Amino acid sequence: MPDTGVRAARTTVPVRRRTRFELHPGAWWLWSLGLGTAATRTTNPLLLALLVAVAGHVVAVHRSSAPWARSYTAFAKLAVAVLLIRLAFTAVLGSPVPGTHVLFTLPEIPLPAWAQGIRLGGPVSAEALLFSGYNGLKLAALLVCVGAANALAAPARLLKSLPGALYEAGVAVVVALTFAPHLIADVQRLRAARRLRGRPDRGLRGLFQVGLPVLEGALERSVALAAAMDARGHGRTAEVPARVRRTTTALTLGGLLGVCAGTYGLLTAEGGVYGLPVLLAGALAALAGLRLGGRRSPRTRYRPAPWGVRAWLVAGSGAAVAALLALASVRDPGALHPGVVPLAAPVLPLWPAAAILLGLLPVLVVPQDRKEPS
């Protein structure tokens, strides 16, 4: 055929490349919860500092530049604040730990007879501060581990991976968590616009003139979000038999009670024997209940997050750290819970420290973020 000189224009559609390997968000949460469980099994400051260092190194390697990934810094500051508040309360209110090494003495406030056993001020010993610091550091390490999960797992991808029974509650949590960042971004944008126009952005007048557009924008986003959720069938449920509903309720409630009882057993020295079996049985029952409950919320997933070998390795490394630290707390409780009376420096136990280093496995198995040239 002769060439008519008219050729179809070829349009190229840009394809979005994934420059970063996106691990399943559930794997990051299981890894961080494993480290947090390990932190609850010891008060040795050297092991807790090693746990914090492991979590911080993994976050530094795999954290993205998204706004939600900056939450790790906020959790780290909260952990430091919790530790300082614990030490301040011990200094002011005293401690039941007897101590002979008095560091300083605060002015003591006399209390009435009905407040016996409580004191305000008085001598502050090194043993009391050390005991309080050990327990405060344990709580701080737990907060750091939770902050690592928030910094590594995207909230939107985590919502997409939730079971159908938890989807409604998950949407509410994600919307609540993303409302404040959007509100702050609107305030900064409007204040910058007012400064460019030479108008005041501070004071009571500036607050009213900035606050009204911000509230109007928040209302418009809420209406648009409600319309989008309704268009996607949010809140619609399917009909299931009454027998399935009763079974789902029994499994879910029984599983949650088992998880609570098992967690309490793991956190106390008396329940170390039954804590782990009850926790596992409760978790399995709760998962079965969530699986059955998902039948009432039929929905499809677009590009579901894959759970591959890397996800198993990351989640398994956190579980291994938790299991080995729990075993070490039973076999050698003195090394994981150093005493403060008499006053002595803590010792780093070798094989529990090596077990904590297993938490660095995500650095080796998960590819790092590679930035594209601009």
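Start with the surface. The accessible surface of the protein chain is about 23,300 Å². Carbon and sulfur atoms account for 67% of that. Keep in mind that this is a predicted model.

Now the inside. The chain has 374 residues, and 33% of them count as buried. Its secondary structure comes to 13 helices and two strands. Take contacts between residues at least 6 apart in sequence: 78% of these join residues at least 24 apart.

Next, the core. The largest nonpolar core holds 38 residues. Which residues have the most contacts inside it? Trp28, Trp31, Leu35, Leu51 and Val314. Several helices give two or more residues to this core, among them α1 (25-40), α2 (45-62), α3 (71-93) and α10 (309-331). The largest share comes from α4, with eight residues.

Look at Leu35. Leaving aside residues up to four places away in sequence, Leu35 touches Leu51, Val54, Ala55, Cys145, Gly318, Val321 and Gly359.

That brings me to one helix pair, α1 and α10. How do they run relative to each other, parallel or perpendicular? Their axes come within 7 Å and cross at roughly 10°. Angles under 35 degrees count as roughly parallel, so α1 and α10 are roughly parallel to each other.

Who meets whom? On the α1 side, the contact includes Ala27, Trp28, Leu30, Trp31 and Leu35. On the α10 side, it includes Ala311, Val314, Gly318, Val321 and Leu325. The residues of this contact divide into 12 nonpolar, four polar and no charged.

Leu35 ties these pieces together on screen: it is listed among the core residues with the most contacts, and it belongs to the α1 side of the contact with α10.

Note on methods. Residues are numbered from 1 along each chain as its sequence is written. This is a predicted model: local features need pLDDT of at least 70, side-chain atom pairs count only at pLDDT 80 or more; totals for chains, interfaces and linings use all residues. Side-chain values use heavy atoms; hydrogens and water are left out. A nonpolar core is a set of buried Ala, Val, Leu, Ile, Met, Phe, Trp, Tyr and Cys residues joined through side-chain atoms within 4.5 Å. Buried means under 20% relative accessible area, exposed over 50%, partly exposed in between (1.4 Å probe, protein chains only). Helices (H or I, at least four residues) and strands (E, at least two) are DSSP runs, numbered from the N terminus. Contact means heavy atoms within 4.5 Å. Axes are lines fitted to C-alpha atoms, for helices over the stretch in contact, and angles run from 0 to 180 degrees between N-to-C directions. Angles under 35 degrees count as roughly parallel, over 145 as roughly antiparallel, 65 to 115 as roughly perpendicular and the rest as oblique. Ala, Val, Leu, Ile, Met, Phe, Trp, Tyr, Cys and Pro count as nonpolar, Asp, Glu, Lys and Arg as charged, and the others, Gly among them, as polar. Accessible areas come from the Shrake-Rupley method with a 1.4 Å probe; for residues, only the protein chains shown count as cover.
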